[in-house]
Structures are given as structure tokens and as C-alpha cells.
Amino acid sequence: MTTKDITEKLDQMGLRLPEPAAAVGAYVPAVVTGSLVFVSGQLPLQAGQLRHTGKLGADVSLEAGQDAARICALNGLAAAAHAAGGLDRIQRIVRLGVFVNSAPDFTDQAKVANGASELLVALFGEPGRHARAAVGVAALPLDAAVEIELLAEIASEA
């Protein structure tokens, strides 16, 4: 998979890879160790604005939650590509952790997470299939509806 392939797929979907978000605390956006890049939690930020806030199952619809997960995945992919030295170095999505700001009786966290998972598979094909956890939480930073963390494998430099 080349950067051009992924960029073309993003264009076809009406999406673009954003600039990676800067850290806003005592952490870094992503860490490369060996052939892996670990991406810190990503919120559904677009152009510096939080796109979806609130609790799934209360004031946020399933569809909005899935959109939030897609935005988080794009942000995570941007952070991974930046840390890895380019989008073309991302060769596999290994794991996705999805945290869903959930009302007490909301149990469709996996359906929310599908917003991110389906996007990554659409972009990378089989190498986009990943292990995943989808967890309901009582609150997220800035009242974000969704937060994701991402683990990707990077190609060794030739």
C-alpha cells in the first residue's frame, strides 16, 4: 500500500488526513519503538474543534458516535504517519482501543468502534484488520464522545 493509494481512497471517500494534533499535556502524540508506533489517545477534533461531545445513549446518536470514531481514527493515523516518517511506512494496523463516553445503559460500544475499524479496513484492506477493544467509560477529556488509541506496524527503512 502506498501513500498515493491511501490518499486516493481518502479522496474518494471525501476525507483527508489532517495535520497531527500536538500534545496538550505531559505526553507525546506517538512513540516509535522497534517496528511499532503507539499513538496516544485521539479525540474527534477537526480543524482544532471538538466535533462530537456528550454521552452515547443519552445526547449523542449511534451515527454521531461512529462519525466521532472515524474522525479519531484519521487523527490517529495522522499521528502514526508523522511519527513513523510518512504514511507509506504504515504497513499494518495492529490494535485499536476505543473509549466511548457512555450513558449507564448504553451497550453498543462495539458498533461505535466500527466507525473507526471500517475506515481503517477501507483504507488499508486486509492489513487494516486489527485487534480491538471497545470500552464504555463514564467520562472523557473535554466531554468528547469518543477517544481512540492506535497501534500500528511500520515498515523498516530500506
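Let's start with charge: Arg51, Asp67 and Arg70 are linked in a network of salt bridges (a side-chain nitrogen of Lys or Arg within 4 Å of a carboxyl oxygen of Asp or Glu). Keep in mind that this is a predicted model, where local features need pLDDT of at least 70 and side-chain atom pairs count only at pLDDT 80 or more, while totals for chains, interfaces and linings use all residues. Residues are numbered from 1 along each chain as its sequence is written, and side-chain values use heavy atoms, with hydrogens and water left out.

(Helices are DSSP runs of H or I with at least four residues, strands are runs of E with at least two, and they are numbered from the N terminus.) Arg70 counts as partly exposed because its relative accessibility is 30%; buried means under 20% relative accessible area, exposed over 50%, and partly exposed in between, with a 1.4 Å probe and protein chains only.

By this rule the count comes to five salt bridges. One of them joins the side chains of Lys111 and Asp108, at 3.9 Å from N to O. Lys111 is partly exposed at 42% relative accessible area, and Asp108 is partly exposed too, at 29%. Another links Arg129 and Glu126, at 3.1 Å from N to O. Here Arg129 is partly exposed at 45% relative accessibility, whereas Glu126 counts as exposed because it reaches 53%. As a general point, side chains of opposite charge can pair when their charged atoms come close.

Back in H2, look at Ala68, which lies in this helix of residues 62-84. Ala68 has 0% relative accessibility, so it counts as buried. Leaving out residues up to four places away in sequence, Ala68 touches Pro44, His52 and Val146 (contact means heavy atoms within 4.5 Å).

Val37 is found in strand S2 and counts as buried because its relative accessibility is 0%. Its contacts, again leaving out residues up to four places away, include Ala80, Ala83, Ile90 and Leu150. Val37 and Val146 are 21 Å apart in space, C-alpha to C-alpha.

Now for the hairpin. S1 and S2 pair in the antiparallel sense over four bridges; two strands pair if DSSP finds at least two bridges between them. Two residues lie between the strands, and Gly34 in the turn has a positive phi of about 60°. Val31, in S1 (residues 30-33), stands opposite Phe38 in S2. Val31 is partly exposed, at 41% relative accessible area.
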